[in-house]
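Have the viewer open as you read.

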Amino acid sequence: MTESGLRDLDAIPLYRPDPTTCRIDLSDNTNAWGVPPAVTAALAASTLSARYPSPYADDLKRVIAGDTGFPVESIVTGCGSDDVLDCAMRALARPGERVAFPDPTFPMIPAFALLNGLTPVAIPMTPDYQIDPARMLSSDARIIYVCSPSNPTGNALSRASLEALASRSSRDQVIIIDEAYAEFAGCDALDLARSYDRVLVTRTFSKAFGLAGFRVGYALGNPSLVAAIEKSRGPYKVSALGERAAIAALTVGRPWVEDRVRLAMDNRSRFEASLVERGLAPVPSSANFVYLPIAGAMRIASGMRERGVAVRAFPAPEALRFTIGDWPVMLEALAAFDEARRCA
Ligand SMILES: *Cc1c(COP(=O)(O)O)cnc(C)c1O
């Protein structure tokens with residue numbers, strides 16, 4: 001390949017979370033209770049095959065259709081919702097066009113934009129961690145990406161702001177609403193994907209469903225958007241095991257998942273209250289993690305790591321993000337947090 005045929009990859013770092021393992025890992029928002037036992041059982045009972053899986057995970061699509069009420073033509077799956085987001089950018093915008101997203105947001109979004117030759121446009125969130133729909137709409141972006149509940153801030157975006165994006169966008173714009181944490185929110189934007197041709201909602205099996213290692217995600221939207229994404233995605237992105245695991249999680253694994261979601265929501269309130277008791281101001285969360293703006297975040301996180309607890313730290317603005325797990329684990333995290341603050 002000639003040099004002019006290479007994309008400029010220098011601006012795109014490899015994703016390298018801290019590789020040292022910690023006794024307690026509250027850094028990545030995965031299911032703290034693990035893989036649903038019914039999924040493990042279903043996989044143990046299933047036979048392996050040397051054949052390819054179905055090209056577009058049709059069995060999984062049928063189960064998602066039953067779960068969401070969307071027809072199969074409105075569903076596209078992928079190797080994690082990361083893959084679906086990446087393929088959506090490739091399918092729905094031409095090189096040189098813009099992708100607008102809130103700042104802060106999921107760090108893969110500007111990376112996927114650059115990888116697909118698109119221009120990332122970060123639009124600051126308001127002081128209360130909401131989006132500014134007017135600014136996003138006037139950013140001349142082909143794709144507007146938002147995440148609700150928001151990663152890293154944890155809060156749900158206001159219904160009015162999501163409706164504004166859906167109803168006031170132009171016909172040639174696409175609104176992507178990333179609902180990686182919708183199960184913990186008690187509300188979602190699926191109705192907007194039903195009513196507006198240009199709204200796409202993405203979901204994942206990596207968080208509430210406990211299947212991050214299997215890499216399965218999907219999107220729901222108008223069949224013409226979905227068909228374009230499916231073409232840009234290509235066949236065989238969901239492995240046979242991933243498809244079986246996701247189907248089991250949505251069916252036989254469902255009651256376990258729902259119980260753990262309720263536990264995470266209860267522990268989230270207790271954890272937020274514990275931080276408030278300490279005079280701190282966590283952002284009220286609708287996800288399975290809590291975002292805490294705090295001075296010295298990087299130092300506190302490394303102090304916690306020395307005490308065996310990994311959390312995610314953000315340097316600017318300074319903040320910590322705690323995944324919510326079992327209550328005894330959260331108490332250990334609080335103890336490590338208190339000690340790390342005293343010694344920081
Ligand atoms: C975790 C996460 C994803 C999910 O990624 P997968 O590729 O499905 O594991 C997507 N969006 C956000 C905002 C996330 O936090």
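How many helices and strands are there in the chain? The chain has 12 helices and 11 strands, where helices (H or I, at least four residues) and strands (E, at least two) are DSSP runs numbered from the N terminus. Before going further: this is a predicted model, so local features need pLDDT of at least 70 and side-chain atom pairs count only at pLDDT 80 or more, while totals for chains, interfaces and linings use all residues. Residues are numbered from 1 along each chain as its sequence is written, and side-chain values use heavy atoms, with hydrogens and water left out.

**Overall build**

Along its principal axes, the C-alpha trace spans about 55 × 50 × 45 Å. Of the 344 residues, 53% are buried; buried means under 20% relative accessible area, exposed over 50%, and partly exposed in between (1.4 Å probe, protein chains only). Take the contacts (heavy atoms within 4.5 Å) with a separation of 6 or more: 72% of them join residues 24 or more positions apart.

**Inside the fold**

In soluble globular proteins, nonpolar side chains tend to be buried together. Here, the largest nonpolar core has 53 residues, and L60, I144, V146, L165, I177 and F205 have the most contacts inside it. Helix α9 (residues 240–250) gives the largest share of this core, five residues. Apart from it lies another core of 27 residues, with M89, M108, I143 and V174 among them. A core here is a set of buried Ala, Val, Leu, Ile, Met, Phe, Trp, Tyr and Cys residues joined through side-chain atoms within 4.5 Å.

What does I144 contact, leaving aside its neighbours within four places in sequence? The list is A100, M136, L137, L165, Q173, V174, I175 and I176.

E230 sits in helix α8 (residues 223–233). This glutamate is buried, with a relative accessible area of 16%, and E230 touches Y56, K61, I75 and V76, not counting residues up to four places away in sequence.

Most residues other than glycine have a negative phi, and most peptide bonds are trans.

| Site | Feature | Value |
|---|---|---|
| D103 to P104 | cis peptide bond | omega near 5° |
| S148 to P149 | cis peptide bond | omega near -10° |
| A57 | positive phi | near 55° |
| Y129 | positive phi | near 65° |

P104 is in the loop between β3 (98–103) and α4 (108–115), and P149 is in the loop between β5 (143–147) and α6 (159–168). A57 belongs to the loop between α1 (37–45) and α2 (58–68), while Y129 is in the loop between β4 (119–124) and α5 (133–137). Are these two buried or partly exposed? A57 is buried at 2% relative accessible area, whereas Y129 counts as partly exposed at 21%.
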